[in-house]
Amino acid sequence: MSPKSAGLAVKWGHKNPRVYIEGLPAWKKYGKHTVPTAAHIANGNIVIIDLRDNTKVEAGYIPRSYTIPMVELEDAEDAFPQNLSAPIYFYSDNDADLAPARKMAQEWGYKNVNGFYDAIAMWKAAGNTLQKGPALSATDETPINWQKKLGSGEISIGDFTKSLKSDLIYVVDARTPEEFSSGHFPGSVSIPLEQMKTRLQEIPKDKFIVVHCKTGGRGEIGYRILKEEGYAVKFLNAECECDLSGEFEIW
Amino acid sequence: MKKGVLKVGLVSLLAVNFLLLGNVLQPSEGFVFAAETQKVHAEMQKIKGKITNISQKAKTIALSKKNNSFFLLKFSDTTTLKGVKSAKEFKVGEAIIVHYTTVGGENFANSLEKAIVKLPTGVTEIKTDELAQAIESNKDLVIIDARPSVKYGEGHIASALSIPFAKLSKMKDNGSQLLAKYKDRQLIFYCGGST
């Protein structure tokens, strides 16, 4: 994208525009951070965590924040959202806490963890006010509730679990035969992704199809193949594990 | 004429292969076999596209082409890799150039190549440390995030402005107005890596 933008700039008479080809991945690797917009902090489908001590939090915090003081963070793993793809933004008045906090959440498996530097000043500079009183709290019993917004073609974990009991649904397991034989969803049919295109005749056109795999990656490709073939299809964009007795867990 | 003969040859190869397997429910093995054979003869085609999905386990890549259509591709351990050491280095969002052969309606990659970003004439690259220093020392920079505004919202370089490429190009020459006020300043564009 950026080289093309720079090309347009040249066309419009700008002298020697430059392109940072390596882009944001290299910027972060270099140890630099990025900043979110105030709009994203206000309305994004994200989890905001205030690492300051309670007295400071109660005096004024960014709305929608959960309070988890830095000293309690390492014991708070179970209070974090169940879904590891939840976008997490840590902030504090001591920005030195942000890097270790990020590292900890990443070690727990969270894939999208951000430090929100200089957060309170930025929040105020954007014309927003702080909220007073106790912030949201999370415990092991009532962890942070974050719901993924379903993307195009995705089925929710709840709907998928319900659909397993329905005859109208045809569940396609896109994993390898070995993965399938070590445990699979009750009633699901094994069609490894690499065979999907050549085994279409086995997949009924009059049923609602759901494709899944271990993490959602192969499931999404399978979904796209079947959609192009005119199937009514969705995919499970979640991680799952099934055992031989038919018990399963999806997160 | 030669092509016709080859096609017949392939069909009978597949047929024989199915018969040998004695089970039409395992066609993928048949196709892999046919693909290996076909590599020697069939005409190779080339496509450039952006990776929208990649599965290392199923060795399958989905590409989106310029017209937003969906192109499915399989690779194998014998696929030639260029610009990367392992297929694991290919990530969603990256542009790749593929030479492939179509067999039985499926596309098999002969080679996968990381597309190198070509800079337009009059544009130069800036590296990370130079950019970091420039931000420290030169207050007159205009850093522009070319990604969609949602991505900018999630996180961007501290002093950057959001001017998505899609917006700029859609406006045709009116887009110049978005940049006009920065005419005498150093523009630096960036996005999410080699996309």
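**Stop 1: a pair on a helix**

Select A:Lys103 and A:Glu107: they form a salt bridge, with the closest N and O atoms 4.0 Å apart. (A salt bridge here is a side-chain nitrogen of Lys or Arg within 4 Å of a carboxyl oxygen of Asp or Glu.) Because the two residues sit 4 residues apart in helix α6 (residues 98–107) of chain A, about one helical turn separates A:Lys103 from A:Glu107. Helices are DSSP runs of H or I with at least four residues, strands are runs of E with at least two, and both are numbered from the N terminus. A:Lys103 and A:Glu107 are both exposed. For the cut-offs, exposed means over 50% relative accessible area, buried means under 20%, and partly exposed lies in between (1.4 Å probe, protein chains only).

Before moving on: this is a predicted model, where local features need pLDDT of at least 70 and side-chain atom pairs count only at pLDDT 80 or more, while totals for chains, interfaces and linings use all residues. Residues are numbered from 1 along each chain as its sequence is written, chains are lettered from A and ligands numbered from 1 in the order in which they are written, and side-chain values use heavy atoms, leaving out hydrogens and water.

**Stop 2: buried pairs**

Next, pick A:Arg52 and A:Asp50. Their salt bridge brings the closest N and O atoms to 2.7 Å apart, and both residues are buried.

Now jump to A:Asp173 and A:Arg175, another salt bridge, with the closest N and O atoms 2.8 Å apart. A:Asp173 is buried at 0% relative accessible area, and A:Arg175 counts as buried at 6%. Over all chains, the structure holds 20 salt bridges.

**Stop 3: an arginine touching both chains**

Which residues does A:Arg218 touch? Not counting residues up to four places away in sequence, its contacts (heavy atoms within 4.5 Å) include A:Arg175, A:Glu179, B:Ser55, B:Lys57 and B:Ala58. A:Arg218 belongs to helix α10 (residues 217–228) of chain A and is buried, with a relative accessible area of 5%.

**Stop 4: strand β1 of chain B**

Finish by selecting B:Lys50, found in strand β1 of chain B. How exposed is B:Lys50? Its relative accessible area is 35%, so B:Lys50 counts as partly exposed.
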